[in-house]
Amino acid sequence: MTDSQTKIEIRNLYKIFGDNPQAMMDKVRAGVGKDQLNEEFGHVLGLSDINLKIPARGIQVVMGLSGSGKSTLIRHINRLIEPTSGDVIVDGENVISMDDKALRDFRRNRASMVFQKFALLPHRTVMDNTIYGLEIQGISEKEAAKRASQWIERVGLSGFENNYPTQLSGGMQQRVGLARALATDADILLMDEAFSALDPLIRTDMQNILLDLQQELHKTIVFITHDLEEALRIGDQIAILRDGEVIQQGTPEQIVLKPHDDYIADFTKDINRGRVIQLKTIMSPPNDQPGPELPGEMLVEDAAQLVTESPSSQARVTDPSGQVIGVVDIKSLIRAMARPDIESRIEELEDN
Amino acid sequence: MDWLIEFPELGRGDLRDLRKGIDEGFKSFTRAYGESIENFFDPLLHFLIGLENLLLAMPWPIFIALVCWLGWLASRSLKIVIGTAISFFLIGLLGMWEDTMSTVSIIVVCTLVCIGVGLPVGILMSRSDRAQAIVTPILDVMQTIPSFVYLIPVVMLLGIGKVPGLISVVIYAIPPMIRLTNLGIRLVDKEVLEAADAFGASNWQKLTQVQIPLALPNIFAGVNQTIMMSLAMVVIASMIGVTGLGQPVLKAISNQYLAMGLLNGLAIVALAIIFDRISQSYGKRLQSYRQGGHGD
């Protein structure tokens with residue numbers, strides 16, 4: 001990834017919670033660890049030396065369990081939380097050194113946010129919630145209402161414009177949250193566990209809405225979640241956070257195929273790998289046997305279905321120009337889908 | 001061992017000098033500034049007198065219709081409107097119309113002053129813990145000090161009349177307005193405020209678009225309490241020249257006129273109930289958005 005495509009760059013970001021974070025900063029730089037800092041000095045190391053380049057026009061997922069610092073991290077991007085040390089560069093501009101007015105303008109026009117608990121204004125209707133960001137920007141009421149109703153329609157809430165948030169279900173409330181964030185036309189969208197409070201079915205629904213919108217809007221989305229399944233599904237890039245440190249970053253495939261340590265491997269063990277791994281990752285060199293031609297970006301699970309139904313037991317993998325670049329057979333497809341612990345047993349069986 | 005049994009109090013002469021010193025000091029303050037303070041409150045006096053004259057000059061059916069209309073706008077409850085009409089009609093029938101108009105006008109002015117002063121003070125308190133630490137004990141004093149005690153300096157400063165009466169009523173009635181404004185704003189959901197921050201709202205935008213609207217039910221409870229307390233203070237304020245339903249009550253107490261005291265007292269109760277029901281149901285209507293099909 002070249003620098004010109006980097007939208008948000010987080011550099012050496014530290015956040016220490018406590019009475020005197022600046023003084024603790026030197027100790028942390030000198031190598032004092034999280035536990036020692038907590039036990040001896042009574043300060044909590046929230047984020048430790050975070051470095052992250054977030055590509056433009058893609059979905060960057062930050063995944064971690066509760067307490068990993070993921071919500072703290074996303075709040076540094078629009079500076080709802082002040083860092084103890086470090087920089088957040090957006091489009092070449094350092095958010096951390098902005099004055100109050102510049103920061104307000106940044107939040108109004110360039111980065112909007114969706115919250116886990118929706119954080120809608122309870123005394124405003126769906127319409128008035130959606131225009132909230134535009135109102136703050138100072139856009140005329142008529143123009144704001146026009147733009148807002150487009151977004152209300154896009155998220156599927158037409159007809160509910162005059163309802164109050166408490167009259168809506170959780171999924172519908174979060175659609176309002178999404179419409180409110182999209183209406184400001186900011187090209188960065190920060191989503192803090194936006195779908196975590198929703199039922200599984202509604203969550204999938206919302207993920208689909210987000211992916212559909214993204215196909216068209218190409219915003220830079222930073223998406224926080226504690227759910228690996230969700231992370232793999234929507235992320236172009238994933239960063240995994242533990243105890244305030246990034247322990248691995250990469251594409252969903254890289255996370256699943258090459259987990260950095262046992263902690264991540266443990267997570268990925270139960271994942272449906274067929275939905276993450278692409279054909280081009282597991283293909284072998286091309287041969288002359290026939291088979292349906294499938295694009296290299298196709299997921300293993302989808303390909304397995306097609307190959308099973310075709311008369312030949314293999315498929316030819318093509319690149320975007322249609323050139324055949326390799327083949328996959330049924331066996332390799334199944335192997336790719338198998339859980340890693342089972343995979344090693346298969347190898348044992350084959351050796352005997 | 002005498003000093004254990006007898007409290008070591010200051011000498012008689014010292015105490016007398018102390019009291020004298022305070023009295024003299026306040027008297028000279030009064031002489032120096034009394035007039036300018038009086039002038040300062042002049043617009044308020046004119047407003048109060050103007051309102052009172054307006055209410056007295058207004059034909060009674062129009063007044064009842066006006067109050068009923070306001071009651072309807074605020075409460076949307078036919079029961080309250082009918083109750084209001086009957087109460088005012090009975091008050092008029094029993095010969096208390098003019099005193100009631102005086103009382104209504106002073107209550108209206110007091111409430112407006114309490115809102116005008118209490119709302120900004122409450123907002124200030126909610127924004128700064130230091131302001132809260134300073135104002136809270138002052139409010140405690142205002143609420144617990146016997147009202148007769150602060151009538152003395154007020155009368156010394158401004159004499160007997162409507163304005164000192166108004167001031168003593170305001171001192172008595174303003175604390176709930178300030179407290180509940182402060183409380184209401186502090187109780188606003190932190191997550192909603194964070195959302196406002198995330199969308200780049202300025203402090204003023206946060207205050208007017210988020211904090212005050214969401215604190216409104218509490219603020220309104222404060223207005224309601226303020227009205228109730230001003231009505232309770234009307235009798236005491238009549239001792240220093242406030243006209244209205246309090247004066248006949250005072251007369252009734254000193255002459256043991258049972259029926260007169262009872263009737264005027266009940267008229268105050270009727271006013272209190274009318275104001276209370278109307279303002280409470282308006283406060284409830286402000287929260288109607290909280291009662292949805294989902295969520296609760």
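Let's start with chain A. It has 352 residues, and 40% of them count as buried. Keep in mind that this is a predicted model. Chain A holds 16 helices and 13 strands. Its C-alpha trace spans about 65 × 60 × 40 Å along the principal axes. Now look at contacts in chain A with a separation of 6 or more. Residues 24 or more positions apart account for 65% of them.

On to the sheets. Strands of a sheet pair through backbone hydrogen bonds, either parallel or antiparallel. We'll meet both kinds of pairing.

Take the four-stranded sheet of chain A. In what order do its strands run? The order is 2-1-4-5, the sheet is open, and the pairing is antiparallel. Which strands sit at the edges? Strand 2, residues 44–55, and strand 5, residues 93–94, of chain A each pair on one side only.

Now zoom in on one pair. Strand 1 of chain A covers residues 6–17, and it pairs with strand 2 of chain A in the antiparallel sense over eight bridges. Here is one contact point you can find on screen. A:Glu9 has A:Lys53, in strand 2 of chain A, as its bridge partner.

Two helices go with this sheet. Helix 3 of chain A, residues 70–77, packs on the sheet and touches strand 1, strand 2 and strand 4 of chain A. The direction of helix 3 makes about 55° with that of strand 2 of chain A. Helix 1 of chain A, residues 21–29, lies across strand 1, strand 2 and strand 4 (85–90) of chain A. Helix 1 runs at about 105° to strand 1 of chain A.

Next, the six-stranded sheet of chain A. This one is open too, in the order 6-7-8-3-9-10, with mixed pairing. Its edge strands are strand 6 and strand 10 (245–250) of chain A. From one strand to the next, the twist averages 20°. Look inside the sheet. Strand 7 of chain A pairs with strand 8 of chain A, residues 220–225, in the parallel sense over five bridges. A:Ile188 stands opposite A:Thr220, which is in strand 8 of chain A.

Now one helix in detail: helix 8 of chain A, residues 170–183. How far apart should its ends be? At 1.5 Å a residue, its 14 residues should span 20 Å, and the end C-alpha atoms are 20 Å apart, so the two agree.

Is helix 8 covered or open? Mostly covered: twelve of its 14 residues are buried. Among them are A:Met172, A:Val176, A:Leu178 and A:Leu182, but also A:Arg175 and A:Arg180. What covers the buried residues? The cover includes strand 6 (111–114), helix 5 (126–130), helix 6 (132–137) and helix 7 (141–154) of chain A. It also includes strand 7 (188–192) and helix 9 (200–217) of chain A. Just after helix 8, A:Asp185 takes a positive phi of about 65°.

Last, the partner chain. 21 residues of chain B are in contact with 22 residues of chain A. On the chain B side, helix 10 (190–198) and helix 11 (203–238) each supply at least two residues. Which gives the most? Helix 10 of chain B does, with six residues. By class, the side of chain B that touches chain A has nine nonpolar, seven polar and five charged residues.

Conventions. Residues numbered from 1 in each chain as written. Chains lettered and ligands numbered in written order. Predicted model: local features only at pLDDT ≥ 70, side-chain atom pairs only at ≥ 80, totals over all residues. Pairing = 2+ DSSP bridges. Contact = placed C-beta atoms within 7 Å. Axes fitted to C-alpha atoms, helices over the stretch in contact; angles between N-to-C directions. Nonpolar A, V, L, I, M, F, W, Y, C, P; charged D, E, K, R; others polar. Expected span 1.5 Å × (residues − 1). Buried ≥ 20, exposed ≤ 12 C-beta atoms within 10 Å, placed from the backbone.
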